[in-house]
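Please consult the sequence and the structure below before reading on.

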Amino acid sequence: QVQLLESGGGLVQAGGSLRLSCAASGNIFRINDMGWYRQAPGKQRELVAGITSGGSTNYADSVKGRFTISRDNAKNTVNLQMNSLKPEDTAVYYCSANAASSPWALRNTYWGQGTQVTVSS
């Protein structure tokens with residue numbers, strides 16, 4: 001099994017910045033894609049940003065130019081730098097990782113417990 005632990009959420013004023021971090025631990029053979037999702041009250045969970053093991057990134061249109069995703073493959077961590085935050089960015093943010101626990105195991109998608117980000121106007 002793979003565990004994901006997020007940190008860095010909180011309350012910030014509009015225009016401010018936050019940095020989310022996520023560390024993977026447990027039985028890890030290989031981590032492929034990692035990403036950040038968010039879910040606001042009454043809405044479906046949506047992809048915010050993703051990054052491959054090779055460093056290719058993709059972003060939701062709503063966060064392009066404001067958020068930056070990065071990862072450290074040696075440390076099994078992924079970060080999300082969020083700048084110019086808006087009230088509509090308020091949500092629970094979840095870290096995800098597509099990983100295999102052994103060379104013969106199937107890959108699974110694992111999720112963190114979520115961290116609250118609240119942006120006040």
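In what order do the elements of the chain run from the N terminus on? The order is β-β-β-β-β-β-β-β-β-β-β, and the chain accordingly has 0 helices and 11 strands. The model is a predicted one.

**Overall form**
- A compact globule with 121 residues would have a radius of gyration near 14 Å, and the value of 14 Å for the chain agrees with this.
- The C-alpha trace spans about 50 × 25 × 20 Å along its principal axes.

**Packing and surface**
- Of the 121 residues in the chain, 40% are buried.
- Among contacts between residues at least 6 apart in sequence, 56% join residues at least 24 apart.
- The accessible surface of the chain is about 6400 Å², and carbon and sulfur atoms account for 47% of that area.

**Aromatic pair**
- The structure contains 1 aromatic pair.
- This pair is formed by Tyr37 and Trp111 in an edge-to-face arrangement, with 4.9 Å from centre to centre and 65° between the planes.
- Because Tyr37 belongs to strand S4 (residues 30-39) and Trp111 to strand S10 (residues 108-111), the pair ties together parts that are 74 residues apart in sequence.
- Tyr37 is partly exposed, at a relative accessible area of 25%; Trp111 is also partly exposed, at 39%.

**Charge over rings**
- Arg45 places its charged end over the ring of Tyr94, 3.7 Å from the ring centre.
- The charged end of Arg45 also sits over the ring of Trp111, at 4.7 Å from its centre.

Key:
Residues numbered from 1 in each chain as written. Predicted model: local features only at pLDDT ≥ 70, side-chain atom pairs only at ≥ 80, totals over all residues. Heavy atoms only, no water. Phe/Tyr/Trp six-rings, centres within 6.5 Å; stacked < 30°, edge-to-face > 60°. Helix = DSSP H or I, 4+ residues; strand = E, 2+ residues; numbered from the N terminus. Buried < 20%, exposed > 50% of the residue type's maximum accessible area, 1.4 Å probe, protein only. Lys NZ or Arg CZ within 6 Å of the ring centre and 35° of its normal. Rg over C-alpha atoms; globule rule 2.2 N^0.38 Å. Contact = heavy atoms within 4.5 Å. Areas by Shrake-Rupley, 256 points an atom, 1.4 Å probe, with all protein chains shown as cover.
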